[in-house]
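Morning, everyone. I'll talk about charged side chains and a metal site today. Here is the model.

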Amino acid sequence: MNSSQSKVVTIERHINEQERLHTGATGDFSGVLRDLTLAFKIIWRQTSKAGLVNILGATGKENIHGDQVKKLDVFADETIYKAMDHGGNLCVMASEENEDVLHIPDRYPTGKYVLLYDPLDGSSNIDANVSIGTIFSIYRRISKSGKGTIEDCTQGGFKQIAAGYVVYGSSTMLVYTTGNGVYGFTLDPSIGEFLLSHEDLKIPAKGKIYSVNEGNYKYWQPGVKKYIKFLQEENKEESRPYSLRYIGSLVADFHRTLLYGGIFMYPSDIRNKKGKLRLMYEANPLAMIVEQAGGVAMDGEQRILDIKPDSLHQKTPLFLGSSEDIKICKEFIDGREFDLS
Ligand code: AHM
Ligand code: MG
């Protein structure tokens with residue numbers, strides 16, 4: 001055996017190794033991650049052959065946010081629920097696509113963990129074959145026993161014990177953290193395994209890219225507008241003007257920001273005072289990941305993970321990315337940095 005040969009680490013092996021870092025681990029938590037991985041592979045299989053099986057297109061229904069629900073959203077939502085309802089490790093789930101919490105069926109045991117998920121993020125992009133994703137977030141239950149409750153599902157983001165996402169793109173990647181750094185796995189379709197490809201990911205302290213739906217410019221608050229103008233000003237030492245990249249698929253925009261650095265924004269505007277993105281399903285999990293990678297996530301005023309949730313589907317403005325970029329953005333929002341010379 002050639003000892004210089006790099007080791008192949010499957011997600012299964014990685015989960016086991018992470019578990020061993022925690023004394024007293026029972027394996028229940030690893031069980032949650034393992035079951036999730038299976039769901040992701042099933043969703044990947046379906047998204048990658050979507051055009052072939054005539055599953056593209058709208059169901060004609062709207063979800064509780066008023067978005068049109070696509071067939072693949074429904075498929076992904078049900079796939080995750082069914083993969084996770086019987087393992088005995090969860091007490092309750094909640095999904096962006098469902099108004100109420102999702103209980104574990106009576107015939108299965110309940111466990112000590114809580115799963116929140118956005119089954120198919122960026123679904124308006126499906127028909128154009130643009131990258132889409134799944135986002136997940138795991139908490140420990142706070143209710144004592146039996147079925148989990150809405151309170152289990154509306155804990156502050158700082159209480160997350162794991163978070164991750166899958167991006168179904170030119171290749172399919174799973175990125176996750178259990179509070180011990182961020183790890184990325186690329187799916188090898190020939191063997192159906194996620195293999196470790198990005199170890200201990202760190203976001204650059206400063207980037208050269210900003211990512212925002214600039215079509216909403218006229219509705220933003222003055223500080224955000226001035227910050228965007230600042231990014232567009234020329235300053236070679238500070239790598240300005242920044243490049244603009246916006247896919248309109250949060251997972252894909254986040255993934256690029258994590259790897260290349262820079263800033264992603266979905267600010268509030270005069271029409272949507274709380275922005276568009278969902279705190280529990282989108283902002284909190286990505287905030288945990290970006291912080292674990294050395295970056296920052298805020299709502300314009302405070303740290304995302306410090307927001308006290310008041311409802312399952314609440315929205316939040318979201319600014320996340322490289323620490324230096326977020327710091328400058330915050331100065332503009334606070335009105336302390338208006339010199340564009
Ligand atoms: P969703 O597809 O789960 O409803 O998520 C909302 C999506 C995000 O992926 C993306 O960042 C954002 O909406 C894009 O919004 P907009 O089209 O307003 O730029
Ligand atoms: Mg979403």
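Start with E291 and R303: their side chains meet in a salt bridge, 2.8 Å from N to O. By salt bridge I mean a side-chain nitrogen of Lys or Arg within 4 Å of a carboxyl oxygen of Asp or Glu. E291 lies in helix α7, while R303 sits in the loop between β15 (296-298) and β16 (315-316), so the pair ties together parts 12 residues apart in sequence. Helices (H or I, at least four residues) and strands (E, at least two) are DSSP runs, numbered from the N terminus.

Some ground rules. This is a predicted model, where local features need pLDDT of at least 70 and side-chain atom pairs count only at pLDDT 80 or more, while totals for chains, interfaces and linings use all residues. Residues are numbered from 1 along each chain as its sequence is written, chains are lettered from A and ligands numbered from 1 in the order in which they are written, and side-chain values use heavy atoms, with hydrogens and water left out.

The structure holds 16 salt bridges. One of them joins K327 and E331, at 3.9 Å from N to O. Both lie in helix α8 (residues 323-333), 4 residues apart, about one turn. Salt bridges that share partners also join E96, R278 and E282 into one network.

Now the metal. Which residues are the protein donors of the magnesium ion (ligand 2)? They are D118 (OD), D121 (OD) and E282 (OE), 1.8 to 2.1 Å from the ion. Donors are N, O and S atoms within 2.8 Å of the metal (3.2 Å for Na, K and Ca); water is not among the atoms, so sites may look incomplete.
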